[in-house]
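User: I am new to this structure. Please walk me through it in short questions and answers.

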Amino acid sequence: MRLELRGLTKRFGSLVANDHIDLTVEPGEIHALLGENGAGKSTLMNMLYGMLSPDSGEIVIDDVAHKFTSPGDALAAGLGMVHQHFMLVPVLSVADNVILGRETTSALGFLNHNAARKAVREISERYGLDVDPDAIIEDLPVGVQQRVEILKALLSDCDLLILDEPTAVLTPQEIDELLDIMRGLRDDGKSIVFISHKLKEVKAIADRITVVRLGKVVGQAAPDASENELASMMVGRDVRLTVDKEPAQPGEPALEIEDLTVVDERGAHAVDGLSLTVNSGEIVGVAGVQGNGQTELAEAIMSLTPTLGGTIRVGGSDTSHDTTSHVIESGVGYIPEDRSVDGLVREFTVAENLILNRYNRAPYASHGMLDAYRIARSARENIATFDVRTPSENTPAGSLSGGNQQKVIVAREFSRPLKLLIAAQPTRGVDVGAMEFIHSRIVSERDNGAGVLLISSELDEVLSLSDRVAVIHDGKIIAEVSPDTPRDAIGRLMAGVRPDDETNEEVAGD
């Protein structure tokens with residue numbers, strides 16, 4: 001399939017989301033669409049997929065112009081799309097999700113589940129997707145849920161697949177697996193539009209790169225372009241891809257954790273006798289493969305999940321059994337790893353989300369009444385300071401791009417004095433410009449005397465920001481190392497191989 005977008009334009013009131021976009025995708029090509037959060041990438045793809053109608057321009061497939069009024073029209077034309085936020089029914093099986101909207105029945109009118117299972121297995125094996133058709137969606141890791149979305153598109157017999165920020169919520173291992181799947185699809189003749197702002201992934205997978213900034217195409221690049229060149233095209237200025245910071249000046253303990261134990265929903269010890277100290281004026285990064293207790297650790301510190309044993313102290317005070325509100329009031333900021341579930345109320349406006357943790361206190365409230373003027377004024381200031389791309393402070397937060405939702409959370413937490421910052425996946429889903437800004441603000445919090453606990457699945461982020469690295473495995477801190485430690489040594493620790501284990505193996509080998 002050969003796709004051409006000719007002069008596609010979309011406006012939302014006075015905001016021009018897409019301004020005469022031209023784009024060509026050749027058959028059997030992975031074409032990356034690279035741009036900042038709010039650059040117009042998703043709007044463009046939503047027009048292509050029939051979810052939005054362009055104000056002008058046309059969509060041409062194999063020299064035939066099309067007007068899509070619904071995703072059904074796009075599907076019929078051979079297009080498939082995997083959205084950034086998955087569209088799956090959590091309580092249904094993989095097979096049931098795949099056949100939704102295209103159910104087949106037996107002669108007696110019953111759903112043909114066996115046919116659905118067979119189709120899932122065949123496509124799964126053909127493209128190396130490795131998905132169990134009988135698995136329940138809510139029991140699957142995020143990476144496998146994404147494979148189900150890809151399966152849905154492939155079973156619609158699509159020739160061009162749109163992947164909208166597909167790696168935003170994946171672990172490094174899941175990202176590598178997805179890139180292998182994409183290569184297999186390309187080798188089978190499928191065309192792919194890969195929407196992203198992650199430079200390393202775009203360079204690793206794309207055949208061609210189109211860069212969009214503020215709703216316009218600003219250039220094309222080959223995958224051998226440098227990361228600095230691509231970042232500058234995206235942002236419109238030079239971007240520092242490394243973190244500049246002075247040596248830490250640690251002070252008194254901001255966070256002390258002793259022998260902490262937390263059980264997960266299945267009753268297993270997700271955090272198992274963990275001890276860790278974060279001093280004021282330093283950043284301690286937690287490195288580990290996702291699923292080794294990082295989520296439960298952050299939630300326990302914030303009193304979002306009960307502890308089975310151990311002690312948590314913030315600024316010397318025991319907060320082990322405090323309420324979340326009390327923990328926040330004690331000067332703890334929290335950037336949660338799942339912004340849409342734990343970080344925002346999607347139906348609330350941007351202004352309302354910016355004061356979620358202090359809506360009932362001055363200057364935003366007085367005598368039980370909200371001060372709409374002060375709330376709006378503060379919101380506008382934070383929107384400008386943190387470059388939140390939104391039509392206004394009254395826009396529902398859920399309608400923003402994922403990266404701009406993250407900026408709202410960061411703005412809320414960083415706009416008040418902090419003693420301790422818990423930053424879990426703080427730059428997940430944000431572009432290089434926003435990442436640079438968030439990193440600099442985290443370092444500023446450290447330099448202002450706050451202790452920072454950084455939890456990230458991006459090892460590069462942990463090593464570049466941290467003054468000290470704590471490696472977590474199976475719910476325990478198994479080592480604390482310098483960020484200058486070789487990556488392969490940290491990788492072995494993340495896999496649970498301790499230095500003394502390696503020594504013992506060598507002795508046994510001798």
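Predicted model: local features only at pLDDT ≥ 70, side-chain atom pairs only at ≥ 80, totals over all residues.

Analyst: Residues are numbered from 1 along each chain as its sequence is written, and side-chain values use heavy atoms, with hydrogens and water left out.

User: How many helices and strands are in the chain?

Analyst: Helices (H or I, at least four residues) and strands (E, at least two) are DSSP runs, numbered from the N terminus. By that rule the chain has 18 helices and 22 strands.

User: What radius of gyration does the chain have, next to that of a compact globule?

Analyst: The radius is taken over C-alpha atoms, and the globule rule is 2.2 Å times the number of residues to the power 0.38. For 510 residues, a compact globule would come out near 24 Å. The chain agrees with that, at 24 Å.

User: What percentage of the residues of the chain count as buried?

Analyst: Buried means under 20% relative accessible area, exposed over 50%, and partly exposed in between (1.4 Å probe, protein chains only). Of the 510 residues, the buried share is 52%.

User: Among contacts between residues at least 6 apart in sequence, what percentage join residues at least 24 apart?

Analyst: A contact means heavy atoms within 4.5 Å. Of the contacts between residues at least 6 apart in sequence, the share joining residues at least 24 apart is 67%.

User: Which residues of helix α8 are buried, and on how wide an arc do they lie?

Analyst: Helix α8 covers residues 227-235, and its buried residues are Leu230, Ala231, Met234 and Val235. They sit on the same side of α8, because their arc around the axis is only 120°. The arc is that of the directions from the helix axis to the C-beta atoms. In general, an α-helix has 3.6 residues a turn, so residues three or four places apart point the same way. The answer is Leu230, Ala231, Met234 and Val235, on an arc of 120°.

User: What do the buried residues of α8 pack against?

Analyst: Two helices are among the partners, α7 (199-205) and α15 (432-447). The strands listed are β3 (30-35), β9 (208-213) and β10 (216-221).

User: Is Gly285 buried or exposed?

Analyst: Gly285 lies in strand β13, residues 283-287. Not counting residues up to four places away in sequence, Gly285 touches Leu454, Val462, Ser466, Arg468, Val469 and Ala470. Its relative accessible area is 0%, so Gly285 is buried.

User: Where is Pro363, and what is omega of the bond joining it to Ala362?

Analyst: Pro363 is found in the loop between α12 (350-353) and β17 (365-366). The peptide bond between Ala362 and Pro363 is cis, with omega about 5°.

User: How far apart in space are Ala397 and Asn114?

Analyst: Ala397 is found in the loop between α13 (372-385) and α14 (402-414). Ala397 counts as buried, at 0% relative accessibility. In sequence, Ala397 and Asn114 are 283 residues apart. In space, C-alpha to C-alpha, the distance is 42 Å.
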